[in-house]
Amino acid sequence: MSQWPVQLQHGDVQLRPLKLSDRTQWSELRTRNVEWLRKWDATLPMADESVPVTFGAMVRLLRKEAKAGRSLSFAILYQGVLAGQITLGGISYGSLRAANIGYWIDERVAGRGIMPTAVALVGDYAIAVLRLHRIEINLRPENEASRRVVDKLGFQYEGRRVAYLHIDGDWRDHDCYVMTSTTAEPALMAALSSRRLKGT
């Protein structure tokens, strides 16, 4: 695996690791978007499970996971301003060589092509640099905005995963979309640019 930290950019969209100095801006984004993100945010099914209780603890955990090669989490900046977050998680090597991509975006800038660009950048990095074979995006069936992202990038629908992830207080079905190293030609970013796509 390549050395962390990693920065990726295309046009007005830049991806970089979250910094401790992002605390105020990140907290404001999450607070302002709480209702917008509620239907898609993962929740904890067990009362005794814990998550980092401070922004600093979360950033330190993300750094630890990145250095261990298990998960790479990027802040999404649009025109230099924090606009969301994208994670390449569940990274596995060996005979599987797979990972999944999850993300969220500020409602104020949704629909400007930011997320397809961010997913394309992360997908290209996963396949070209990390040499992963399989990238999954799992989304709730009713999440039309995320469905447009996978459609624009050529991810293939693989099937319904029943009660797959705990979201908004209950186990929710998800649709699985997949890109592999053998189906990602031309590169995701190049394909996105050549189509001059706009949207989510």
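Me: Ala, Val, Leu, Ile, Met, Phe, Trp, Tyr, Cys and Pro count as nonpolar, Asp, Glu, Lys and Arg as charged, and the others, Gly among them, as polar. With that in hand, how do the residues of the lining of the largest pocket divide?

Reply: This is a predicted model, to begin with. Its largest pocket is lined by 25 nonpolar, 17 polar and six charged residues. The pocket has a volume of about 1900 Å³. It has 48 lining residues, and W40, D41, A42, Y103 and W104 are the closest to its centre.

Me: Which strand gives the largest share of that lining?

Reply: Strand β5, residues 98-105, with six residues.

Me: And what makes something a cavity rather than a pocket?

Reply: In a cavity a 1.4 Å probe fits but cannot get out, while a pocket is an open set of points. Searching the whole structure turns up one cavity of 30 Å³ or more. The largest cavity holds about 50 Å³ of space.

Me: What lines the largest cavity?

Reply: W4, P17, L18, V59, L62, R63 and S73 do. Helix α3, residues 55-67, gives the most, with three residues. By class, the lining has five nonpolar residues, one polar and one charged. Take R63 from that list: Arg counts as charged, so R63 goes in the charged class.

Me: Let's move on to R134. Why is R134 called buried?

Reply: Buried means under 20% relative accessible area. R134 has 19% relative accessibility, so it counts as buried.

Me: What is R134 in contact with, leaving aside its neighbours within four places in sequence?

Reply: Its contacts are R97, A98, A99, E158, R161, C176, V178, M179 and T180. R134 itself sits in strand β6, residues 134-139.

Me: What makes β6 "mostly covered"?

Reply: Six of its six residues are buried. R134, E136 and N138 point one way, I135, I137 and L139 point the other way, and all are buried. As a rule, side chains in a regular strand alternate between the two faces of the sheet.

Me: How do you know that β6 pairs with β5, and in which sense, parallel or antiparallel?

Reply: Two strands pair if DSSP finds at least two bridges between them. β5 and β6 have three bridges, in the parallel sense, so they clear that cut-off. In one of the bridges, A99 has I135 of β6 as its partner. Together with helix α4, residues 114-129, the two strands make a right-handed β-α-β unit.

Me: What about β6 and β8: in which sense do they pair, and over how many bridges?

Reply: β6 pairs with strand β8, residues 170-180, in the antiparallel sense over six bridges.

Me: Which residues of helix α5 are buried?

Reply: In α5, residues 144-153, the buried ones are S146, R147, V149, V150, K152 and L153. Just after α5, G154 takes a positive phi of about 80°.

Me: Stepping back, how many helices and strands does the chain have?

Reply: Six helices and eight strands. From the N terminus on, they run β-β-α-α-α-β-β-β-α-β-α-β-β-α. Of the 200 residues in the chain, 46% are buried. Among contacts between residues at least 6 apart in sequence, 65% join residues at least 24 apart.

Note on methods. Residues are numbered from 1 along each chain as its sequence is written. This is a predicted model: local features need pLDDT of at least 70, side-chain atom pairs count only at pLDDT 80 or more; totals for chains, interfaces and linings use all residues. Side-chain values use heavy atoms; hydrogens and water are left out. Helices (H or I, at least four residues) and strands (E, at least two) are DSSP runs, numbered from the N terminus. Buried means under 20% relative accessible area, exposed over 50%, partly exposed in between (1.4 Å probe, protein chains only). Contact means heavy atoms within 4.5 Å. On a 1 Å grid over the protein atoms alone, a cavity is a set of points where a 1.4 Å probe fits but cannot get out, and a pocket is an open set with protein on both sides within 12 Å along at least five of seven lines; lining residues have an atom within 4 Å of a point. Grid points are joined across faces, edges and corners, and a volume is the space filled by probe spheres set on the points. A crossover is right-handed if, with the strands pointing away from the viewer, the path from the first strand over the helix to the second runs clockwise.
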